[in-house]
Amino acid sequence: MSDHRSGPFRSPLPSPSEIARLPSNGGSEFNRLIFESSPYLLQHARNPIDWRPWGEEAFAEARSLDKPIFLSIGYATCHWCHVMEHESFEDREVAQLLNSDYVCIKVDREERPDVDNVYMSVTQMMTGRGGWPTTIIMSPEKVPFFAGTYFPKSSMMQLLPHFAKVWRQEKEKADEVGAAIIRSLRELQADRQGGDLNASHLDECMAALLKNFDEEDGGFGSQPKFPTCHTLSLLLRIHQFNGDSQALSMVEKSLRKIRLGGIYDHVGLGIHRYSTDAEWLVPHFEKMLYDQALFAIANLECFQVTGDSFFEVACRETLEYVQRELTSEEGGFYSAEDADSEGEEGKFYLWQIKEAQEALGEDEASLFCKLYGLEHAGNYLDESTREKTGSNIPHLKQTLAESAKALGLPPEELMQRVEHWRKKLFKVRSLRIHPLKDDKILTDWNGLMISAFAKAARILDDSDYLRVARKAADFCLRNLRKEDGRLLKRWRQGKAGLAAHLDDYAFLAQGLLDLYEASWDCRYLEQAGLLVDSARQRFEDDEKGGFFLTADDHESLLVRAKEIYDGAIPSGNSVMALNLLRIAKFSGNDEYRQSAFSLFSAFSGFVEKNPRGSEVLLQALHFELSGAMEIVICGEPADPHARSLLKQINRRFIPAKVLIYKSEENADDISLLSPFVRNHHPVDGKPTVFLCRDQTCQFPQTDPAELGKQLENELKID
């Protein structure tokens with residue numbers, strides 16, 4: 001269960017029993033957010049501000065009172081959102097200004113990415129940067145005339161009266177700013193089309209990544225530094241496509257440095273959101289579900305390419321963390337863990353040498369501190385004073401195998417000792433006050449995590465991972481879908497709600513396709529196809545190509561956005577492009593492929609101007625340019641010989657392929673697949689594999705070794 005204990009910066013979330021006792025109009029202790037499901041909105045339910053959730057009721061009241069809207073957008077595990085709440089939103093003076101001159105609205109960006117997308121674009125246009133909390137002042141018609149991010153109380157006490165006066169006395173200025181913003185938003189959406197995408201775009205992206213690569217510490221840029229693991233997955237595809245050794249070395253360097261650095265939780269496992277420095281030492285301590293999924297997948301794929309168990313272990317450890325901390329009893333995955341506890345960022349994760357000594361004993365602690373860089377003065381600076389206070393972030397300078405060699409110890413012995421230390425330290429840490437857990441279950445992020453577990457189940461031949469992926473997928477299909485088949489956005493404590501966005505359809509469909517390839521279960525392939533068909537019906541731009549973020553009957557915002565930028569999380573359009581190409585291969589229906597081509601065209605102008613901005617879209621392009629294979633496996637899932645054949649496929653990195661299963665179990669469901677599959681049968685009664693391209697197949701293989709040779713020949717670079 002989630003742990004909502006928190007420190008002085010934030011009131012604890014109201015309990016269900018507190019909410020149940022409230023009268024229908026709230027109560028003096030709470031504002032209107034008390035009736036919401038979002039943990040982020042509930043965090044603000046005790047603020048003295050008369051917060052409202054986003055909705056027509058708030059906008060109607062603003063129009064009736066002729067007041068501007070004060071809009072604040074954030075999320076439950078956002079550190080600076082907590083700081084601004086403590087400094088401003090819990091402050092009576094700030095609350096008085098807001099309540100008297102504004103109608104105040106709170107939005108959880110993870111529940112309403114459509115709202116966040118529009119107003120984050122506005123903030124970036126007006127200020128040149130973005131981030132959360134996002135602060136917007138706008139008209140009752142949702143048109144902004146001021147935008148920013150975090151503001152301390154001193155700034156709030158100046159800007160709130162100023163813009164209230166502008167609204168009362170100089171409304172025409174606000175209208176002029178708003179009109180200019182709307183023009184810019186529409187231009188931003190329109191200026192994305194260009195020519196066809198081709199292999200040169202992969203080359204341009206590779207050149208941009210090389211230019212930005214940190215040769216010393218891996219990753220891209222200087223600081224802050226994000227893992228951007230989908231970028232690493234693209235580099236593996238570039239390496240597979242043209243044999244570029246630099247692409248592979250960039251991935252290996254980056255994943256090693258991330259796993260060794262403080263951005264990785266060496267006690268509790270899992271990866272933090274990003275590093276505040278170039279060396280991956282000091283993280284922003286929140287842990288996001290999507291980061292765990294993307295990090296696990298990148299390590300898994302790198303393991304396939306290199307065979308280095310370092311990357312397999314990194315994948316397994318990350319999935320272990322997700323199973324332990326972010327998996328609900330019902331099977332869905334929780335969203336995140338906070339950076340803060342007891343009012344301090346990172347306090348839960350930091351160690352002093354004396355704490356290590358108490359947990360491990362002086363002798364063992366001495367070696368632990370040496371390996372993991374713990375210092376008496378500390379390696380972590382206090383956020384307010386910028387001075388060392390004896391607190392440390394455990395991190396490694398080299399792999400444990402390298403350390404064992406330097407110490408003259410067998411690697412297995414050192415690794416066993418390290419695991420013994422980790423378990424002891426984890427037990428001690430578990431007694432600390434935990435950061436808040438954001439226990440809402442989001443459809444899109446669950447899709448990413450289903451992909452991670454399904455891919456790990458298939459590649460590592462792990463039935464436990466398959467069980468986790470199945471349970472999560474079944475949970476989503478059962479609880480996050482309406483009777484008419486349309487998806488919902490969020491589930492929390494037994495309650496599902498909110499209209500789904502493109503990302504929900506794209507990411508869940510991707511997860512189901514990956515789960516089909518891991519499970520042989522045609523039900524998941526069928527459901528993925530239905531989701532993609534629904535997305536095409538409700539989200540696709542039939543005129544210009546690509547997909548809108550919101551459905552055709554969704555609430556109208558300033559613009560109906562089409563997002564392609566692959567930032568910390570891939571865009572729905574990028575993921576949908578690959579879904580379309582894969583389903584075209586599964587089904588033999590070329591309409592899906594043509595839809596993908598229209599999507600490529602819709603965003604080719606953006607890719608040309610921003611070669612580093614859409615790495616997942618370029619993964620879809622790689623799939624198409626590689627002439628993806630249809631690999632047909634005829635046999636039974638439980639047949640050991642069929643499993644041996646499948647291992648020859650799964651251990652190799654073959655991103656441009658689909659796996660198609662034909663067995664007695666799915667004989668009735670074969671209509672879901674391309675008609676050409678009906679002509680494939682086991683040879684001499686033995687499980688058989690057919691390697692095909694564009695439905696033209698090579699000689700069938702029943703011998704695993706011969707299949708391996710055939711695969712190697714197919715994967716050769718000309």
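Let me begin with a definition: by buried I mean under 20% relative accessible area, by exposed over 50%, and by partly exposed anything in between, with a 1.4 Å probe and protein chains only. What you see is a predicted model, in which local features need pLDDT of at least 70 and side-chain atom pairs count only at pLDDT 80 or more, while totals for chains, interfaces and linings use all residues. Residues are numbered from 1 along each chain as its sequence is written, and side-chain values use heavy atoms, with hydrogens and water left out.

How many disulfides does a search of the whole structure find? The search gives 2, where a disulfide is taken to be a pair of cysteine sulfur atoms within 2.5 Å. One of them links Cys 78 with Cys 81, at an S to S distance of 2.3 Å, and because the torsion about that S-S bond is about 80°, this disulfide is right-handed.

If we number the bonded cysteines of the chain in sequence order, the pairing reads 1-2, 3-4.

Cys 205, by contrast, takes part in no disulfide, and its nearest cysteine sulfur, that of Cys 229, is 15 Å away; Cys 205 is buried, with a relative accessible area of 0%. Cys 302 is likewise in no disulfide, the nearest cysteine sulfur being that of Cys 229, 11 Å away, and Cys 302 is buried at 0%.

Now to the interior. A nonpolar core here is a set of buried Ala, Val, Leu, Ile, Met, Phe, Trp, Tyr and Cys residues joined through side-chain atoms within 4.5 Å. The largest such core has 200 residues, and those with the most contacts inside it are Phe 70, Leu 98, Leu 235 and Ile 649. Leaving aside neighbours within four places in sequence, Leu 98 is in contact (heavy atoms within 4.5 Å) with Ile 49, Phe 70, Phe 89, Cys 104, Met 156 and Leu 160. Apart from this core lies another, of 24 residues, including Trp 54, Val 115, Leu 557 and Val 559.
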